[in-house]
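Here is a short tour of two contact surfaces, one between chains and one inside a chain. Have the sequence and the model open as you read.

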Amino acid sequence: MKQKFDIIESTCVPLPLENIDTDQIIPARVLKATTRDESFFGENLFRDWRYDSQDRPKADFVFNQPDFSAAPCEGVHQVLVAGKNFGCGSSREHAAWAIAGYGFRVVVSSFFADIHKNNELNNFVLPVVVSEEFLSELFDSIAADSQARVRVDVPAQTITNLATGTQESFEINSYKKYCLMNAVDDIDYLLEQKDKIEAFENNRYETQNC
Amino acid sequence: MNTLFDKIWDSHVVNTITDGPVQLYIDRLYCHEVTSPQAFDGLRSRGISPLRPERIFCMPDHNTPTHDQDKEIEDPVSRRQVETLKANAEEFGLMHFGMMDSRNGIIHVVGPERGLSLPGMTIVCGDSHTSTHGAMGAVAFGIGTSEVEMVMASQCILQQKPKSMRISVEGQLGKGVTAKDVALYIMKNITTSGATGYFVEYAGSAVRSLSMEGRLTLCNLSIEMGARGGFIAPDQTTFDYLKGREYAPKGEDWDRAVEYWKTLRSGDDAVFDKEIVFDASDICPMITYGTNPGMGIAIDENIPSADSFSGEAAASFAKSLDYMGFDAGSSLLGKKIDYVFLGACTNGRIEDFRAFATIAAGRHKAEGVTAWLVPGSWEVSRQIREEGLDKILEAAGFEIRQPGCSACLAMNDDKIPAGKYSVSTSNRNFEGRQGPGARTLLASPLTAAAAAVTGVITDPRSLMD
C-alpha cells in the first residue's frame, strides 16, 4: 500500500524477543493466498503466537493484552518495537504485508534481516534501526507506561522516545526517503530505464550472456 | 576490493542512483507458486509484460504433494496456487516445468541440475534459499515479491551492494562430517545474524574438496547466517558438473564459457570487509537443539547452560527450550525421536541419498519412527533408482516419495504433528516450521539416518566402518 511518510507520533506495541523469524510473523500454511489482500495477512500476523490451535486468542501474547489489543490507528499502536535480528529467515513478503495489514507503519529494532527490511520498505512500512541502548530504554519506557510514545520524523531522520526525550538519528538513503515521502515505488523508477537496460545488454561479452 | 563478488556484481551494474541503490541486471529469475502470483497481478495492473521472458523459469515446488502427483492435488488452496503459476507462465510465455514434468523439482535443485545456473551469473528468486545457486560461482540471492515484479518488469533490481566476507575452512573434514555440519558449525560460531549485510565467499581447502552437492548444501545455508548469499569460485569440480547439462553452453560456446569462468576468482590482493577462518578438524557431526539454526551443538556435546545468556537473549533461549521440551545443560544423545525427514533444497540431492543409504544398508528403520525420504527433483529420483539405492532403502524399511519441498515447510500434507521430534535435513528449525507445534532438530543425512535406524539421537560415526 503506497502511503506517504512524514512524521508519525504513536504509542507502541513491544515484542522484546530476539531473532523473530518470518515463519512466526506469518506461518507458511497461510501463504497460499494468490492475492495481495493485506487485511487477510494482517489478521494472521503472528498467527501461532496470537491464537491457539482452536483459534482462541492466547492471553499471554502482547496483541491480546488489554493495554495493547486496540487495533492501530492514527497515533495508536502504529509502531512495533522488536528485539534484534527482526525478520530473519524466509524471504516471504507476506510477512511485510501482514505487518502493514495489521496497521503498523514503523518497526523499531536494533537489527533487521536484509530481505525482510527491503520487503518492509517496498510496502511502505519503515524499518528504523536504533542502538541497543535506545531499544532497551524504549522497552523499559513501554513496560513502565503502556501509553509511552515515540516520534518518527522521516524528513529529519530522527526517532525520539517521548517518555524520556532520548533522540537518535536513523539511516535511510535519499532515494528511498524520496520514495517513502512521495509514495513512489522502485518499479515506477525502473520502467523509465529501458534504454539503459538495452544499452547494457548490447555491451555485454557474449560469454556473459548465456 | 577485487573480490570475485565485486567482479560479478560490478559487471551487472546498469546504473547507480546517487545516494541510493544500484540498478543490477539479473540473468535468471526463478519463480515458484507461492511468491509469484501477486507479482504477476502487479504486471497486469500496470498493463505490462516481462521484459525478458526467456530469462524467467517457473516451477511449482512448495505445495506439491509427495505422492500421487499424477492426480489432481487434493487441497483446493494448494491446487489453486499451482494452477495459477501454470496459467501465469502460459499467459506471459514463460518456461514452466509443471507437475510430472521430468524436469520438475525444487527450484534450487533443478536450476543447477539443468545447467540453468551458471558461473558469473546474477540469479534471483522469491525464496531466501536462492543462495544455493552460489555454489556454481554465481551471485544468487532471495528477494521479496515486489522485487520479483521488479525483475519481471525490467530484468533489473534495485539493491544496495552488500559488504563482502570470506569464510575459509582449512584442512580435512573428519569422519562423518559433511557440508551440512560445516554450515551448522559456522552458524553456531557466528550466529544467525553473523553475516547479515554481507555476501559470503566460501574458501579454503575443506570447501574446495567438497563435491558440487556439498557446495550446494553449504551455499544453501548462507541465508541462515543472515547473509544475502554465499558462493564458491568455480573450478574444475564446477565445470565437470556442468558439462553436458541441458542448458549449459555446448561446443565452442562451452570452451569460450570455461575460459571466461576460469577468470572468476578473487584476486590474490582481494580485500574483504570481513574474514573468518575455521579449522576443519574442529568440526564434528552437528545437531540443533533450539528454534533457530544457530542453536547447534556437536552431537556429543551438551546443550548450553542457562547462565550463558542474559537479557532478551536469555528470554529467547528459555522460550526456545520450553518449545523443544529440552533442559539446559543436558545431552541429546539417546533422546527418542518420532520422525526423520531426508530432503529439501538443503539435502535432497543424490549424494544425500547415497549418504543416508550407507547407514541404512543392512539395518532396518526403527519401530515407531516415521521416515519421509523426498528427492529434490525427478532427476534425483531417477538417479536413486539407476544406482539401486531404492532397493537398499526399501530393504531397510524406507519408502522413497515424490519430489518437492515437502516437510521442510509443511505447505503440503507432510506435517510433523505437534510435540513430535523430527530429525530433519532441512534448513530451518523455527517454531512450527514443520507443522504447528513440531519440534525440529536439524542435522546431516548421516545423522538423520543414524536416528532413523536406532530411533534415538545417535552419533553417526558409531555406525560407520
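What distance separates the centres of domain 1 of chain B and domain 2 of chain B, taken over C-alpha atoms? The two centres are 25 Å apart. Before going on, a word on the ground rules: this is a predicted model, in which local features need pLDDT of at least 70, side-chain atom pairs count only at pLDDT 80 or more, and totals for chains, interfaces and linings use all residues. Residues are numbered from 1 along each chain as its sequence is written, chains are lettered from A and ligands numbered from 1 in the order in which they are written, and side-chain values use heavy atoms, with hydrogens and water left out.

**Inside chain B**

Chain B is split into domain 1 (4-160), domain 2 (163-235 + 265-282) and domain 3 (286-463); these bounds come from an automatic or database domain assignment. Domain 1 of chain B puts 20 residues in contact with 20 residues of domain 2 of chain B, where contact means heavy atoms within 4.5 Å. Leu4(B), Phe5(B) and Ala135(B) supply 34% of the area that domain 1 of chain B buries against domain 2 of chain B, more than any other three residues.

**Between the chains**

The contact between the chains takes 62 residues from chain A and 76 residues from chain B. One of the salt bridges here joins the side chains of Asp185(A) and Arg46(B), at 2.8 Å from N to O. On chain A's side, α9(A) gives the largest share, 6 residues; helices (H or I, at least four residues) are DSSP runs, numbered from the N terminus.

**The two surfaces in numbers**

Buried area is the accessible area (1.4 Å probe) that two parts lose on being put together, summed over both. A salt bridge is a side-chain nitrogen of Lys or Arg within 4 Å of a carboxyl oxygen of Asp or Glu. A polar contact is a pair of N or O atoms within 3.5 Å; within protein, one must be able to donate a hydrogen and the other to accept it, and residues adjacent in sequence count only if both atoms are side-chain atoms.

| Surface | Buried area | Salt bridges | Polar contacts (both residues at pLDDT 80 or more) |
|---|---|---|---|
| chain A and chain B | about 5600 Å² | 6 salt bridges | 31 residue pairs |
| domain 1 of chain B and domain 2 of chain B | about 1700 Å² | 0 salt bridges | 10 residue pairs |

Carbon and sulfur atoms give 55% of the area buried between chain A and chain B, and 62% of that between domain 1 of chain B and domain 2 of chain B.

Conventions
Helices (H or I, at least four residues) and strands (E, at least two) are DSSP runs, numbered from the N terminus.
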